[in-house]
Amino acid sequence: MRQIASARVFVYAASWYNNIPELVRLARQAGTPSVCVMADIGFGVEKIDPADPSTLPDRLCVADPVTKTLFLRRGVPPSILREVGSPYLDTILHDAPPGPLESSEQRVGLLVNPELDPGPFARSTNRAELDVARQVHQAVATVPGSLLTLRLHPRLTPPHPIDLPGATIDPIEPRSSMTDFVSGQHRILGSYSTGLLVARMLGRPALSFQPSPQRPVQRAEVFEAWGIPVVRDAADVRAWLLEPLEERMEPFAIEAHLYQPGLSIKAIAEVISELG
């Protein structure tokens, strides 16, 4: 509390770990204006309750038009919304687009996430993701000449309950990047991972596979806007794997999908200066 009270502006990123209403309450008690940066595109909207103004930060920063629309639909006042872009995806813009892969195999990358709403510091793989991995593994096994590599979310640490014969698990090292992984694959699959957006930015075909009928489709509006198909059936995954593989997709117009691409840090600093 003392640190918040001594700050000119309290800035925090919305994440799985943060209780946003509680952080807003602490900032108001300290008399310090607050800025919440929504780090994830299309996620976290439910963390903001416009029916209770005491839980609203002074400024709410969003990365893209879809997330802004979701907040407006929820009833968040337009006066607190600011469009800033994505610091994470900005790092991808500095990387050169990958060229064609010289490989006799079709390399398929699968992005495995932790629990969707895990609570503080959870490091487990959720059952829905295990089901995704098993079904994708079975689909890839039926497509001759295809090789599956899994990239576990950085929050997942061994031992993990994934054991798929013939599949490779990509070791995430300190210098390992999502760009490197995507560039080394012909196609990228996942359920709701931001890595699917990275694949789209880098010109690799991406598919969202969300087979659980008990769970609503995550990031549906975002994936639709970014041109990423969402399927619920493993047969559709196999059909996608059998489609002719283009060496390069059409150039991706990032300006239509992110605010201020490449300038998000500057944009966030300008929002902070409004209050401080």
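The model is predicted. The protein chain holds 10 helices and 10 strands. Of its 276 residues, 47% count as buried.

**Overall picture**

- The protein chain exposes about 13,500 Å². Carbon and sulfur atoms supply 53% of that area.
- Among contacts with a separation of 6 or more, 67% are between residues 24 or more positions apart.

- Strand E3 spans residues 59-62 and is covered on both faces.
- Arg 59 and Cys 61 lie on one side of E3, and both are buried.
- Strand E2 (residues 34-38) runs parallel to E3, and 3 bridges join the two.
- Within this pairing, Cys 36 stands opposite Leu 60.
- Strand E4 (residues 81-83) also pairs with E3 in the parallel sense, over 3 bridges.
- Here Val 62 stands opposite Glu 83.
- From E3 the chain crosses through helix H3 (residues 65-74) to E4, and this β-α-β crossover is right-handed.

**Salt bridges**

- The count comes to 6 salt bridges.
- Glu 22 pairs with Arg 25, and their closest N and O atoms are 2.2 Å apart.
- Both residues of that pair, Glu 22 and Arg 25, lie in helix H2 (residues 20-30). They are 3 residues apart, about one turn of the helix.
- Glu 22 is partly exposed at 30% relative accessibility. Arg 25 is also partly exposed, at 35%.
- Glu 83 and Lys 68 meet through their side chains, at 2.2 Å from N to O. This pair links distant parts of the chain, with Glu 83 in strand E4 and Lys 68 in helix H3, 15 residues apart.
- Glu 83 counts as partly exposed at 32% relative accessibility. Lys 68 has a relative accessible area of 23% and is partly exposed as well.
- Arg 73 and Glu 221 form a salt bridge at 3.8 Å, N to O. Arg 73 sits in helix H3 and Glu 221 in helix H8 (residues 220-225), so the bridge ties together parts that are 148 residues apart in sequence.
- Arg 73 is exposed, at 60% relative accessibility. Glu 221 is partly exposed, at 35%.
- A network of salt bridges links Arg 59, Arg 82 and Glu 274.

**Cysteines**

- The disulfide count is 0.
- For Cys 36, the closest cysteine sulfur is that of Cys 61, 7.9 Å away.
- A disulfide would need the two sulfur atoms within 2.5 Å.
- Seen from Cys 61, the closest cysteine sulfur is in Cys 36.
- Cys 36 counts as buried, at 0% relative accessibility. Cys 61 is buried too, with a relative accessible area of 0%.

**Phe 252 in its loop**

- Phe 252 is placed in the loop between helix H9 (234-242) and helix H10 (264-275).
- Its relative accessible area is 17%, so Phe 252 is buried. The cut-off for buried is under 20%.
- Leaving out residues up to four places away in sequence, Phe 252 touches Arg 200, Met 201, Trp 226 and His 257.
- Gly 203 is 49 residues from Phe 252 along the chain, yet their C-alpha atoms are separated by 7.1 Å.

Conventions. Residues are numbered from 1 along each chain as its sequence is written. This is a predicted model: local features need pLDDT of at least 70, side-chain atom pairs count only at pLDDT 80 or more; totals for chains, interfaces and linings use all residues. Side-chain values use heavy atoms; hydrogens and water are left out. Buried means under 20% relative accessible area, exposed over 50%, partly exposed in between (1.4 Å probe, protein chains only). Helices (H or I, at least four residues) and strands (E, at least two) are DSSP runs, numbered from the N terminus. Two strands pair if DSSP finds at least two bridges between them. A crossover is right-handed if, with the strands pointing away from the viewer, the path from the first strand over the helix to the second runs clockwise. Contact means heavy atoms within 4.5 Å. Accessible areas come from the Shrake-Rupley method with a 1.4 Å probe; for residues, only the protein chains shown count as cover. A salt bridge is a side-chain nitrogen of Lys or Arg within 4 Å of a carboxyl oxygen of Asp or Glu.
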